[in-house]
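Dear colleague,

My notes on what turned up in it follow below the display.

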Amino acid sequence: MKVAIISDLHSNREALDAVLAHIGSLAGIEQTYCLGDVVGYGPEPEYCVDRVREIASLCLMGNHDEALFRDASDFNPHARGAIDFTRARLQPTWYSTNDRKLRWKFLKELPLVHREGRFVFVHGSPRDPVREYVLSTDGFLNPDKLRAIFDSFEGVAVGGHTHHPGVHDESLRFHGLGGTDRLTLPLAEDRKWFVNVGSVGQPRDSDNRACYAVLEEHQVTWYRVPYDFQKTADKILRTGVLSEVLARRLAMGK
């Protein structure tokens, strides 16, 4: 196994293109999996959905994808506004083009969980695949929650959702990237691990570079990829609908 894992693209064309180009420069990548949140926050949902449909062997349902078809009342106002914007761009009517209908169908039918060997892939957590956050701080602020999550799976769980790349081990310690361009950590077979692959489209760990991971049977490697976040921010502002807060976050990385 040598699979590129992307997550939390959030309609960010520039970040997605930069990451896919980086994946293409690596040797031996067999497939690309997406762990959800293809849409939300960003200005180009159509492009990102089309690219994921084209290149990903697997795509899971994220909470922003799900919110197109359910209730986004628990989202903050900036995120809720982005869902309204995205729904208006993507939701088909009877006279819509076939491309628009296929995008909507693709997002609506995304699976929640994928299991493969000792790996379980989710957007959030194994016990709540779409919405539960596995936070980098849970090991010391909410250890009972994190222990219960570890009890809910065997082997290695791989998720996104928090936009914070790194791995929790069974001691509940979180190992982050610490600002590095690339980090490889082993995944011993006799232990459990929860891997967070980070975010392509909206990093939140004070590093504004896009982030993704390459998963192999016994290790995971994260890569930071610079991209033109100002171009994306300008597109957000030009919509006249999306919040300027979403544009500022790209530069701040949080």
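In this predicted model, G62 sits in the loop that runs between strand β3 (58-59) and helix α3 (63-67). With a relative accessibility of 0%, G62 counts as buried, because the cut-off for that class is under 20%. Leaving aside residues up to four places away in sequence, G62 touches G36, D37, H123 and V130. Y41 lies 21 residues from G62 along the chain, and the C-alpha atoms of these two residues are separated by 13 Å.

On the α4 side the contact involves R87, A88, R89 and L90, and on the α5 side it involves R100, R103, W104 and L107. Sorted by class, this contact of α4 with α5 has four nonpolar and four charged residues, and no polar ones.

As for the whole protein chain, it contains nine helices and 12 strands. Its radius of gyration is 17 Å, close to the 18 Å that the globule rule gives for 254 residues, so the chain is as compact as a globular protein of that length. Buried residues make up 54% of the 254 residues, and among contacts between residues at least 6 apart in sequence, 72% join residues at least 24 apart. The accessible surface of the chain comes to about 10,700 Å², and 49% of that belongs to carbon and sulfur atoms.

Terms used
Residues are numbered from 1 along each chain as its sequence is written. This is a predicted model: local features need pLDDT of at least 70, side-chain atom pairs count only at pLDDT 80 or more; totals for chains, interfaces and linings use all residues. Side-chain values use heavy atoms; hydrogens and water are left out. Contact means heavy atoms within 4.5 Å. Helices (H or I, at least four residues) and strands (E, at least two) are DSSP runs, numbered from the N terminus. Ala, Val, Leu, Ile, Met, Phe, Trp, Tyr, Cys and Pro count as nonpolar, Asp, Glu, Lys and Arg as charged, and the others, Gly among them, as polar. Buried means under 20% relative accessible area, exposed over 50%, partly exposed in between (1.4 Å probe, protein chains only). The radius of gyration is taken over C-alpha atoms; the globule rule is 2.2 Å times the number of residues to the power 0.38. Accessible areas come from the Shrake-Rupley method with a 1.4 Å probe; for residues, only the protein chains shown count as cover.
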